[in-house]
Amino acid sequence: MQPTTVTFPSGALTEETTVADVRPHAGGSVVILQQTPFHPVDHTWPDQPGDTGTLTADGTTVRVANTVMVAIDDAGVLAVGEEIPVKRGADGWGWHVGHLVAEPVTWGAGTTVQATVDGTLRAGLSRGHTACHLASLALDAALAELWHKDPGIDPLGSPNFEARAGASSQIHPDGSVDTYRLGKSLRKAGFRPDDLAASLAQREAQINDLLAAWVASSGRSWIEVEGDTIADRRTWHCALPAGEAHFLCGGTHVDSLDAFASITVALDLSDPQLLVMTTTVVPSDH
């Protein structure tokens with residue numbers, strides 16, 4: 001079975017497609033389609049939640065409660081989400097998008113299906129994901145002078161705090177929460193956490209000023225794909241006043257910074273070993 005073809009990188013929300021496979025799962029079913037607009041949560045870095053929506057076939061509509069990565073080995077054994085025992089690209093495994101529904105589904109391979117994503121949720125998650133990336137770049141820039149060694153640079157040339165310290169990222173509609181470890185390994189890499197603590201309000205203000213300038217620039221945002229299947233790499237790009245930013249990213253994004261009225265962050269160092277950045281989006285009315 002060929003890897004699932006995906007159309008969510010272009011912003012698609014609906015597709016008429018066909019069933020590739022249906023398997024029982026957790027009292028319901030996991031439906032694999034030949035082509036899908038649904039974005040799955042990544043089992044290795046689950047920052048953006050999977051899409052929800054509906055599948056309609058043979059006069060029956062079922063709700064997709066979640067969308068996940070699915071892997072099937074050469075013997076036909078299926079693994080869903082966190083159950084997947086191998087890294088992406090491992091020999092002997094095929095990669096697919098699984099649509100989780102709460103009820104058993106009797107559709108067979110080749111059945112025509114109308115797949116429809118919840119557009120309101122998708123739009124909020126796309127804004128949240130783009131804002132998350134922009135906030136991380138602004139954070140890198142605001143903390144640049146707190147390094148006394150070279151940790152490597154981010155796409156805009158700032159010392160890459162995000163790559164060195166990032167511990168987790170949780171995207172939600174119109175925002176995100178990112179955590180960064182400030183322990184011994186970061187100190188050894190050349191970062192000065194004590195100076196961050198002493199200037200936290202200043203750093204937060206710098207980030208928010210930079211984000212305001214970027215939003216005002218109305219830059220283009222887009223996803224570049226290396227192929228049309230879920231197994232192919234995708235890269236997010238954004239045109240900013242300081243240059244073009246880009247990250248390898250499997251998520252969904254807005255197509256312009258005009259989508260935002262504002263993006264702001266709040267920094268929290270309640271635990272001196274852990275920096276928490278909360279990003280909040282106010283959508284534009286465009």
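What follows is a chat about the sheets, helices and cores of a predicted model.

Student: Hi! Before we start, what sort of model is this?

Tutor: Hi! This is a predicted model. Shall we begin with the sheets?

Student: How many bridges join β13 to β14?

Tutor: Six bridges hold β13 (residues 234–240) and β14 together, and the two run antiparallel. Within that pair, Trp236 has Phe247 of β14 as its bridge partner, and Ala239 has Glu244 of β14.

Student: How many bridges join β15 to β16?

Tutor: Nine, with the strands running antiparallel. One example is Val265, whose bridge partner in β16 is Thr279.

Student: Let's do α5, then. Why does its span agree with expectation?

Tutor: Helix α5 (residues 200–217) has 18 residues, which at 1.5 Å a residue should span 26 Å; the end C-alpha atoms are 26 Å apart, so the two agree.

Student: Which residues of α5 are buried?

Tutor: Leu200, Arg203, Ile207, Asn208, Leu211, Trp214 and Val215. Those residues cover an arc of only 130° around the axis, which means they lie on the same side of α5. An α-helix has 3.6 residues a turn, so residues three or four places apart point the same way.

Student: Which residues of α5 are exposed on the other side?

Tutor: Ala201, Asp209 and Ala216 are exposed there. As for the buried residues, their cover includes α1, α4 (193–198), β13, β15 (260–271) and β16 (274–283).

Student: What follows α5?

Tutor: Ser218 does, in the loop between α5 and β12. Ser218 has a positive phi of about 55° although it is not a glycine. Its relative accessibility is 33%, so Ser218 counts as partly exposed.

Student: Where else is phi positive in a residue other than glycine?

Tutor: Ala26 is such a residue, with phi near 50°. Ala26 sits in the loop between β2 (14–25) and β3 (28–33). With 79% relative accessibility, Ala26 counts as exposed.

Student: Switching topic: which residues touch the most other members in the largest nonpolar core?

Tutor: This core has 39 residues, and the ones touching the most other members are Leu134, Leu139, Phe161, Phe191, Leu196 and Leu275. At least two residues come from each of α1, α2 (161–165), α5, β13, β14, β15 and β16. α1 gives the largest share, seven residues.

Student: What is Phe191 in contact with?

Tutor: Setting aside neighbours within four places in sequence, Phe191 is in contact with Leu143, Leu146, Trp147, Phe161, Leu182, Leu186 and Leu196. There is also a second, separate core of 15 residues, including Leu33, Ala57, Trp107 and Val117.

Student: Is Ala57 buried or exposed?

Tutor: Buried: Ala57 has 3% relative accessibility, and the cut-off for buried is under 20%. Ala57 belongs to strand β5 (residues 53–57). Apart from neighbours within four places in sequence, Ala57 is in contact with Trp107, Thr111, Thr112 and Val113.

Student: Last one: how many residues apart in sequence are Ala57 and Ala231?

Tutor: They are 174 residues apart in sequence, and 26 Å apart in space, C-alpha to C-alpha.

Note on methods. Residues numbered from 1 in each chain as written. Predicted model: local features only at pLDDT ≥ 70, side-chain atom pairs only at ≥ 80, totals over all residues. Heavy atoms only, no water. Pairing = 2+ DSSP bridges. Helix = DSSP H or I, 4+ residues; strand = E, 2+ residues; numbered from the N terminus. Expected span 1.5 Å × (residues − 1). Buried < 20%, exposed > 50% of the residue type's maximum accessible area, 1.4 Å probe, protein only. Arc of directions from axis to C-beta. Contact = heavy atoms within 4.5 Å. Core = buried A, V, L, I, M, F, W, Y, C linked by side-chain atoms within 4.5 Å.
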